[in-house]
Amino acid sequence: DKALEIGLRKMRVPVRSSGKSMMGGLVQNIQHAVLPAITPPVTILLTLAAMAPILIDSGGRPDPQRFARAAGLCTLASFFFGWHVHEKAILTATIPLALAVLEDTCRRTPGSPENASSEAEKKKNKWKKDAPSSSSHDTYTALCLSGFMMLHLSSTGSLLPLIFPPFETPIKIALLVGHGSAMLALCETRVRRNVGGDGHVLGVLECAYVVGLVFVQVFEWVLPLVLPRLAFMPLMLWSVYCAIGIAYGTICYVVATVRRQQAARTL
């Protein structure tokens with residue numbers, strides 16, 4: 001909105017001023033100069049609309065094993081469309097989704113009845129063109145883990161600005177690297193068990209995003225020295241960059257979940 005306001009003013013288009021600084025670091029209601037205002041009733045409707053498919057599916061087919069996934073996705077809907085959401089609120093989504101991912105991947109391990117019957121399923125579906133195979137299930141599992149990993153790394157990165165004292169910077173970086181590496185190793189182990197191959201969870205695009213987190217951290221150190229007036233610019237940069245990763249990871253996870261459920265219904 002601020003960029004549109006400045007651009008329109010340079011084009012000599014009359015616009016009203018927003019009146020308040022959006023980078024002052026204060027929690028306040030901002031009246032947009034160009035974009036329409038978002039009111040609490042609008043956020044409630046958007047949140048309910050995003051939750052509706054999850055609640056309908058869970059209510060129509062109750063399953064205790066899918067409760068953690070439904071709870072995590074509903075919390076993500078509140079996080080995306082809520083009126084005022086704090087960074088720490090993302091933990092209420094990533095924790096149940098971590099349990100859901102663990103439950104989903106534990107269903108296909110070497111020696112399990114499901115894995116042992118995979119060959120029988122392939123023979124059974126040999127002459128069925130559109131029948132879902134175990135390989136399609138494995139593909140959905142890999143995409144699900146990839147989406148969750150992106151969601152997890154982005155949400156953890158979004159919490160780093162909350163640890164703001166400079167002397168605690170090595171601690172928060174060590175926490176991000178250590179916890180992220182542990183989760184990545186766990187997810188890659190699950191992929192190797194279910195899919196096989198090298199077990200890579202993150203592709204080229206995802207790896208590029210993770211490398212971008214390093215540059216965001218460097219900008220957090222440099223920007224206050226170059227632009228001391230914009231003290232909260234690093235925080236905004238963290239928020240926008242992590243929001244992109246959270247949205248990307250959520251989309252991948254939801255797509256994988258929907259495809260897997262559609263394949264299961266055709267069995």
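Helices (H or I, at least four residues) and strands (E, at least two) are DSSP runs, numbered from the N terminus.

View 1. The predicted protein has 10 helices and 0 strands. Along the sequence the pattern reads α-α-α-α-α-α-α-α-α-α. This is a predicted model, where local features need pLDDT of at least 70, side-chain atom pairs count only at pLDDT 80 or more, and totals for chains, interfaces and linings use all residues. Residues are numbered from 1 along each chain as its sequence is written, and side-chain values use heavy atoms, with hydrogens and water left out. Of the 267 residues, 36% count as buried. Buried means under 20% relative accessible area, exposed over 50%, and partly exposed in between (1.4 Å probe, protein chains only). The protein exposes about 16100 Å², and carbon and sulfur atoms supply 70% of that area. Accessible areas come from the Shrake-Rupley method with a 1.4 Å probe; for residues, only the protein chains shown count as cover. Among contacts between residues at least 6 apart in sequence, 69% join residues at least 24 apart. A contact means heavy atoms within 4.5 Å.

**View 2. Helix 2 bends at A52.** Helix 2 covers residues 40-60. The bend at A52 is about 40°, and a proline, P53, follows within four residues. The bend is the angle between axes fitted to the seven residues ending at a position and the seven starting there. The expected span is 1.5 Å times one less than the number of residues. T43, T47, M51, I54 and D57 of this helix are buried. An α-helix has 3.6 residues a turn, so residues three or four places apart point the same way.

**View 3. D57 pairs with R66.** D57 and R66 form a salt bridge, with their closest N and O atoms 3.0 Å apart. A salt bridge is a side-chain nitrogen of Lys or Arg within 4 Å of a carboxyl oxygen of Asp or Glu. The whole structure holds 3 salt bridges. D57 counts as buried at 18% relative accessibility. R66 is buried too, at 12%.

**View 4. E5 and R9 pair within helix 1.** The closest N and O atoms of this salt bridge are 3.5 Å apart. E5 and R9 are 4 residues apart in helix 1 (residues 2-10), so about one helical turn separates them. E5 is buried, with a relative accessible area of 6%. R9 is partly exposed at 41%.

**View 5. E220 and K172 link two helices.** Their salt bridge has its closest N and O atoms 3.7 Å apart. E220 lies in helix 9 and K172 in helix 8 (residues 169-194), so the pair ties together parts 48 residues apart in sequence. Both E220 and K172 are buried.

**View 6. A nonpolar patch includes V226.** V211, V214, F215, V218, F219, W221, V222, L225, V226 and L227 form this surface patch, with about 960 Å² of accessible area together. Patches are made of residues with over 30% relative accessible area and no salt bridge: like charges are joined within 9 Å, nonpolar side chains (Val, Leu, Ile, Met, Phe, Trp, Tyr) within 5 Å. V226 is in helix 9 (residues 204-226). V226 counts as exposed, at 56% relative accessibility.

**View 7. R259 meets Y140 and L143.** R259 sits in helix 10 (residues 233-265). R259 is partly exposed, with a relative accessible area of 44%. Not counting residues up to four places away in sequence, R259 touches Y140 and L143. The C-alpha atoms of R259 and Y140 are separated by 7.1 Å, although the two are 119 residues apart along the chain.
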